[in-house]
Amino acid sequence: MTATGVTGPETAQSLTDEAADLVADLDRVPAGQVSASVYETGRLVADAPWLGGHGRRLAYLLGRQGADGAWGLPGGYGLVPTASAVEALIAVLVRDEPADRVGPARSDLVDAATRGLTALAARLETGAPLPDTPAADLIVPALTGRIDAHLTRLRDRGAPALSGLPPLPRMDRRRLDAVSALLATDRPMPRKLWHAYEVLGPNAAAREEVRPIDGAVGASPAATAGWLNHQRTPDRAARAYLDEVVARHDGPVPCCTPITVFERSWTLGTLIRAGVPVRPSPALVAGLAAALGPDGAATGPGLPADADTTSATLYALARLGRPVDPSSLFRYDLGSHFCTWRGEDGDSITTNAHVLEALGWHARHPRQGTHRYGARVDALGRWLREVQQPDGHWTDRWHASPYYATSCAALALAGHAPPEVAGEAVDRAVGWVLDTQRDDGGWGRWSTTTEETAYAVHVLLGAGARRPGAVQAATRALPHLQVEGVDDPPLWHDKDLYTPVLVVRAAVLAARRLAFESGVAGRGGAGSAATHQGMITSA
């Protein structure tokens, strides 16, 4: 993520102008802005060498490889991208593609594949659990199986490249085999599986219900390419979708696109919550309302509706003066809390925080159902408090950083839960944020990032501005929110980690707005001395 640089003293008008530019971007690129993915790009290298930009995708994979031979971030997050990149590189070697099509030298491909395969084997041998990212338990065994098949072909040919390397450690294939068995029956294929179509195997080819929606299968370039490979006749809409996505990043592709509803609802909700004035176009607002059906809203075409996107859309519309009845959310009500979708494995903190905000707004507006939603709001607040970690933070399955989950939960509790429920929980969250501030004044799971620092400031100034030390800590952090050209690692969970660019820009801008309103204004945290001292005294 590249932070928008501050070129002069922060003012209310400069923040408003920056927000207007950001909101205009929502209309300018309706599909949404998403970072490129090593995993998804690797799938196109392996499965769609016929697609334009093949050589540039190979160059991208080589350029993203780490010094240790792997791809991706620590904490298990390297398994999926590394497996994809390794399988893609070896697939190119097995096909023995001509040099003028490949781009990078064959020796470079062999070297990268060898180092990647060694790194992948080392990580698999540890037996560490797979990351809690979508379809990881399908992707890793499917790709390691393909890698072993490629190595066998190379050995059978007597090819020297990679042929002497041993097979990878055996993977747990029970989930993958169960899905394959399901696809061999006449039972419906769950919509959420469409997003990972590329690893579902030959049984997926016979599933007539799987089809492109707005050109995309499961809102995924890799799934769309895999589906096209199974078709006897070309599908122009699907091919046009792939060509457009490839052109967007000049070769590499993101995991999920389009993300129209997700990007718009998160961006607008984040800005409005922090008091940033926004004026989205009437067409944009109407599009958000139209996205809500009986099951709520989905992130992208071909994906199932979910409680997270639904609640964020409901909240954004309500704050924009266009409230929609939130009854669709109750399809996800489990009693004590809400699932992201029916049949979800596990629970999501941030989904329930967003549901709390959506229902909390309606509970506070008598015409929208105070009596109907008040009890659920209270119960959700208690649930979030109960699942808070002992040191005060939360973690979630949709983001790699605890600062995002903690920000979502603390803001929802502070804004909508009863004081007797929210008070202690928010205090503990603020305490954890204060305790984990880095020496450089920022925050981050692995190192200081602009994005995570923004979430920490949201907790301090959006939920806990009156807690001792909150304003002082935010003052130290402000320079991290105002620098130019900062490239953060991707932290959001999909098949691979990714960055929803405008959503993160909105979080950073909202944090700066909170800092400005709290008296922590100006470059480097230099507000007026009198205002700043007053805020410290009141804190």
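The following dialogue discusses how to read several features of this predicted model.

Trainee: How many disulfides does the structure hold?

Mentor: A disulfide is a covalent bond between the sulfur atoms of two cysteines. The structure holds zero of them. C339 takes part in none, and its nearest cysteine sulfur, that of C408, is 18 Å away.

Trainee: Is C339 buried or exposed?

Mentor: Buried means a relative accessible area under 20%. C339 has 4% relative accessibility, so it counts as buried. C408 is likewise buried, with a relative accessible area of 10%.

Trainee: Let us turn to helices. What span does helix α17 reach?

Mentor: Helix α17 comprises residues 419-435, 17 residues in total. From its first C-alpha to its last it reaches 24 Å, close to the 24 Å expected at 1.5 Å a residue.

Trainee: Which residues of α17 are buried?

Mentor: The buried residues are V421, A422, A425, V426, A429, V430, W432 and V433. They lie on the same side of α17, because they cover an arc of only 155° around the axis. On the other side of α17, the residues P419, E420, E424 and D435 are exposed.

Trainee: How is the packing of α14 and α16 to be read?

Mentor: One considers the angle between the axes and the distance that separates them. Helix α14 (residues 349-363) packs with helix α16 (residues 402-416) at about 25°, and their axes are 9 Å apart. An angle under 35 degrees counts as roughly parallel, and α14 is therefore roughly parallel to α16. The crossing of α14 past α16 is left-handed.

Trainee: At what angle do α3 and α4 pack?

Mentor: Helix α3 (residues 54-64) and helix α4 (residues 79-95) pack at about 130°, with their axes 11 Å apart. These two helices are therefore oblique to each other. Here α3 passes α4 in a left-handed crossing.

Trainee: Which peptide bond is cis?

Mentor: The omega angle is the value to consult. The bond from T257 to P258 is cis, with omega near 5°. P258 is placed in the loop between α10 (236-248) and α11 (260-273).

Trainee: What is the phi of D214, and where does this residue lie?

Mentor: D214 has a positive phi of about 55°, although it is not a glycine. It lies in the loop between α8 (174-183) and α9 (221-229). A219, also not a glycine, has a positive phi near 55°, and A219 is found in the loop between α8 and α9. D214 is exposed, with a relative accessible area of 69%, whereas A219 is buried, at 0% relative accessibility.

Notes:
Residues are numbered from 1 along each chain as its sequence is written. This is a predicted model: local features need pLDDT of at least 70, side-chain atom pairs count only at pLDDT 80 or more; totals for chains, interfaces and linings use all residues. Side-chain values use heavy atoms; hydrogens and water are left out. A disulfide is a pair of cysteine sulfur atoms within 2.5 Å. Buried means under 20% relative accessible area, exposed over 50%, partly exposed in between (1.4 Å probe, protein chains only). Helices (H or I, at least four residues) and strands (E, at least two) are DSSP runs, numbered from the N terminus. The expected span of a helix is 1.5 Å times one less than its number of residues. The arc is that of the directions from the helix axis to the C-beta atoms. Axes are lines fitted to C-alpha atoms, for helices over the stretch in contact, and angles run from 0 to 180 degrees between N-to-C directions. Angles under 35 degrees count as roughly parallel, over 145 as roughly antiparallel, 65 to 115 as roughly perpendicular and the rest as oblique. A crossing is left-handed if the near helix is turned anticlockwise from the far one by less than a right angle, and right-handed if clockwise.
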